[in-house]
Amino acid sequence: HSNFEDFDTGEKLPENLDKDDPKTTQMLQDIQKKQIQFVKSISGFDYVSNLQFGNLDNKPGWMGQHNTEWITQGALDFINSAKKSKKPFYLHLANSMPHSPDIIKSIRQENKYTLGGKLESYLTCHPPRQTIIDRLKKAGLDTTGPIASINAGTLYLDDQLAAIRKTLEEQGLADN
């Protein structure tokens, strides 16, 4: 959590938004822009993207699911732009993991549906979501019991950190 004061865009999102409707994407992009401007104005950050504002439990339907790939992609885009600027940088990544909602349920969703609207293609910065359960089973970890969601969330975070580390290494920044 970043502990920013709650920011109300004045938009009330209906429960039954059609995730494939271009109007839904435009509305989410507009809300995302307002939220990004707000965070920039109170944080002093020059770069803010792929922002998940507030708890997912408060989001209706398909928007109330974790999309760590989307958050990761924002971080990777930032690292790549920071490399080009050749200035020192600070990456502040506030994640939703391993909080609720149920992560097992979230990994069954498609990652091209984000709080910033529908993406043209699936995000590929992590291993495919479908592999999380298989990798947990292979490691002998719970995939159906009360701790399954925590295990899935931890592996999801491992995937995120691996993607960030890989990008830092590719950019020659891992040791700096």
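Is arginine 129 buried or exposed? In this predicted model, arginine 129 counts as buried, at 5% relative accessibility. Its salt-bridge partner is glutamate 69, which is also buried, with a relative accessible area of 2%.

**Salt bridge between glutamate 69 and arginine 129**

- The closest N and O atoms of glutamate 69 and arginine 129 are 2.9 Å apart.

**Salt bridge between lysine 118 and aspartate 20**

- The model has five salt bridges in total, and one of them joins the side chains of lysine 118 and aspartate 20, at 3.0 Å from N to O.
- Lysine 118 is in strand S2 (residues 117–118) and aspartate 20 is in the segment before helix H1 (22–43), so the contact ties together parts that are 98 residues apart in sequence.
- Lysine 118 is partly exposed, at a relative accessible area of 30%.
- Aspartate 20 is likewise partly exposed, and its relative accessible area is 40%.

**Salt bridge between glutamate 169 and arginine 165**

- The side chains of glutamate 169 and arginine 165 form a salt bridge with an N to O distance of 3.0 Å.
- Both residues are part of helix H5 (residues 148–170), where they stand four residues apart, about one turn of the helix.
- Glutamate 169 is partly exposed, with a relative accessible area of 44%.
- Arginine 165 is exposed, its relative accessible area being 57%, because the cut-off for that class is over 50%.

**Cavity**

- Searching the whole structure gives one cavity of 30 Å³ or more.
- The largest cavity holds about 150 Å³ of space.
- Its lining consists of 17 residues, and those nearest the centre of the cavity are Trp62, Gln65, His66, Asn67 and Tyr113.
- By class, the lining of the largest cavity has seven nonpolar, seven polar and three charged residues.
- At least two lining residues come from helix H2 (68–85), and at least two come from strand S1 (113–114).

Technical notes
Residues are numbered from 1 along each chain as its sequence is written. This is a predicted model: local features need pLDDT of at least 70, side-chain atom pairs count only at pLDDT 80 or more; totals for chains, interfaces and linings use all residues. Side-chain values use heavy atoms; hydrogens and water are left out. On a 1 Å grid over the protein atoms alone, a cavity is a set of points where a 1.4 Å probe fits but cannot get out, and a pocket is an open set with protein on both sides within 12 Å along at least five of seven lines; lining residues have an atom within 4 Å of a point. Grid points are joined across faces, edges and corners, and a volume is the space filled by probe spheres set on the points. Ala, Val, Leu, Ile, Met, Phe, Trp, Tyr, Cys and Pro count as nonpolar, Asp, Glu, Lys and Arg as charged, and the others, Gly among them, as polar. A salt bridge is a side-chain nitrogen of Lys or Arg within 4 Å of a carboxyl oxygen of Asp or Glu. Buried means under 20% relative accessible area, exposed over 50%, partly exposed in between (1.4 Å probe, protein chains only).
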